[in-house]
Amino acid sequence: MQTVTSHDAPQGVRQVEIGPERDGQRIDNALMTLLKGVPKSMIYRLLRTGQVRVNGKRAKPDTRLIAGDMLRIPPVRVAERPVDQGPSPGMVSSVADAVIFEDKHFLVIDKPAGIASHGGSGVSHGAIELLRAARPQEHLELVHRLDRDTSGVLVFAKTRAGLTGLQAEIRAGTVTKQYLCLMVGHPSKAKFDVNAPLMKSVLQGGERMVRVSDNGKPSLTFFREMEQYPGARLMQATLGTGRTHQIRVHAAHIGHPLAGDPKYGDKDMNRRFREMGLQRLFLHASHMSFELDGRAYSFSAPMPDDLKDFLDVLAVKGKRLRYLQEKSRTDF
């Protein structure tokens with residue numbers, strides 16, 4: 001049974017029965033799909049003020065829906081928008097050609113940087129919309145997300161069993177996720193952990209910001225040095241937990257932000273790196289593995305050419321760089 005909407009409720013209130021295709025999906029993500037054209041800031045305001053309810057109860061943005069739930073959506077005025085002409089063939093092929101694994105339950109791509117995981121917040125078409133356009137006869141659901149500027153392994157479910165099974169493993173912390181990232185400066189250790197709770201907030205306009213806070217959720221990242229470069233270190237980051245922007249905030253917290261990070265990074269170093277060819281956040285989802293129903297899955301995506309090319313330049317030109325800020329020499 002697919003998600004079904006009833007308009008019988010008074011004053012334009014919608015009662016939506018959640019189908020299996022949304023089982024396990026966060027309510028904020030579901031609303032972004034069900035309320036096309038509604039600003040993200042309004043969606044979060046509806047949730048914050050209790051106008052959206054699940055089975056008659058107020059819901060938080062991270063509430064996960066279950067098949068059979070009754071979702072109450074209040075009437076929302078949506079501004080008229082131009083008719084969506086659909087994604088360009090080039091955008092569709094960029095994602096359709098990036099498939100690195102497929103079976104009856106999952107489809108996995110090596111997501112290019114610059115493509116969001118899903119549409120919304122000014123993005124017309126994300127990876128999930130592009131894949132659906134490439135495969136209109138198939139049912140595909142996004143299992144997890146990568147930031148728009150992060151490249152690498154992104155998993156989609158083709159079946160309900162795949163979706164709910166893998167999301168349950170992610171929540172249980174039994175999925176291995178590893179990233180390659182470039183840290184600014186020279187951490188004092190080649191191998192270390194960052195165990196710092198993170199709190200997420202949504203600014204006016206829907207922008208997400210995350211900071212270290214004693215009131216935040218437990219968050220753990222394992223860092224290991226892979227290669228040394230002038231003024232920077234290539235690190236492997238393994239997630240102990242899966243919080244929003246976790247690697248980026250933990251790196252900034254210890255005084256060694258990720259190269260090219262426009263939100264939590266070092267502006268001066270970002271400018272210098274940009275002059276040397278780095279045009280985006282240096283963060284790549286390189287590996288993901290898990291077990292489901294007795295089968296072991298393992299997906300890997302090599303570092304993309306734009307990041308490899310930048311490292312080659314950094315190895316030569318970077319010798320003239322000096323990271324001047326005191327925080328780069330902080331021991332922890």
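In strand β9, F156 is the bridge partner of L107, a residue of β7 that also stands opposite E102. Helices (H or I, at least four residues) and strands (E, at least two) are DSSP runs, numbered from the N terminus, and two strands are said to pair if DSSP finds at least two bridges between them. The model is predicted, with local features requiring pLDDT of at least 70 and side-chain atom pairs counting only at pLDDT 80 or more, whereas totals for chains, interfaces and linings use all residues. Residues are numbered from 1 along each chain as its sequence is written, and side-chain values use heavy atoms, with hydrogens and water left out.

| Partner of β7 | Sense | Bridges |
|---|---|---|
| β6 (residues 99–102) | antiparallel | three bridges |
| β9 (residues 151–157) | antiparallel | six bridges |

Between β6 and β7, which form a hairpin, lie three residues. Because five of its six residues are buried (under 20% relative accessible area, with a 1.4 Å probe and protein chains only), β7 is largely enclosed by the rest of the structure.

Helix α1 (residues 27–34) is likewise mostly covered, with seven of its eight residues buried, namely I27, D28, N29, A30, L31, M32 and L34. These buried residues pack against β2 (14–17), α2 (40–48), β3 (53–54) and β5 (70–73), where contact means heavy atoms within 4.5 Å.

H125 lies in the loop between β7 (106–111) and α4 (127–134), and it counts as buried because its relative accessibility is 14%. The C-alpha atom of H125 is separated by 6.5 Å from that of P87, although the two residues are 38 residues apart along the chain.

Terms used: Buried < 20%, exposed > 50% of the residue type's maximum accessible area, 1.4 Å probe, protein only.
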